[in-house]
Amino acid sequence: MSYDPDNIFAKILRGEIPSFKVYEDDDTYCFMDIMPRSDGHCLVIPKTPCRNILDASPAQLSACMATVNKVANACMTAFNADGITLQQFSEAAGGQEVFHLHFHILPRLDGLATRPAGKMGDMEQIKAHADAITAVLAAG
Ligand code: AMP
């Protein structure tokens, strides 16, 4: 399986389609999922191409995990969360729909189930959730 440079997350990285940015550094980009399964659901991706966990380099994985750690902690504060669910799907049989490596960060509240996948979120609310995470990150 080869990397398709026209996948939707590659387009987001190139600025060809919009995204609600949460965080970026030299190697990774984090933005809101537009079909959130929990409040604050966001995605961490490497800036360099790879499809998923199967072809990712140790450097790509390490950079993504550092960002996951940073953003997950910010989400705990921003949403007064009780925990985090981290998800990664590889290849169609594994549940992957967008073929650029990404890690889902889902802030979780005690006793509250995740929402079903595939339902478009409210864009104003998603923007507000992005702002809540970036405010925590900015406060250090
Ligand atoms: P998966 O490949 O199964 O891990 O899921 C891809 C995820 O990308 C889903 O949770 C979608 O809601 C999300 N998604 C698809 N298009 C966009 C987009 N343009 N901006 C943000 N998230 C997206």
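**View 1. Helix α1 gives the most residues to the shell around the ligand, three of them.** This is a predicted model, where local features need pLDDT of at least 70, side-chain atom pairs count only at pLDDT 80 or more, and totals for chains, interfaces and linings use all residues. Residues are numbered from 1 along each chain as its sequence is written, and side-chain values use heavy atoms, leaving out hydrogens and water. Helices are DSSP runs of H or I with at least four residues, strands are runs of E with at least two, and both are numbered from the N terminus.

View 2. Of the 16 residues around the ligand, Asp33, Gly95, Glu97, His102 and His104 come nearest; "near" here asks for a heavy atom within 4 Å.

View 3. Look for pairs of N or O atoms within 3.5 Å.

**View 4. His102 sits in the loop between β4 (83-87) and β5 (103-108).** His102 is buried, with a relative accessible area of 5%; buried means under 20%, exposed over 50% and partly exposed in between, with a 1.4 Å probe and protein chains only. A polar atom of the His102 side chain lies 2.7 Å from the backbone oxygen of His100.

Notes. A polar contact is a pair of N or O atoms within 3.5 Å; within protein, one must be able to donate a hydrogen and the other to accept it, and residues adjacent in sequence count only if both atoms are side-chain atoms.
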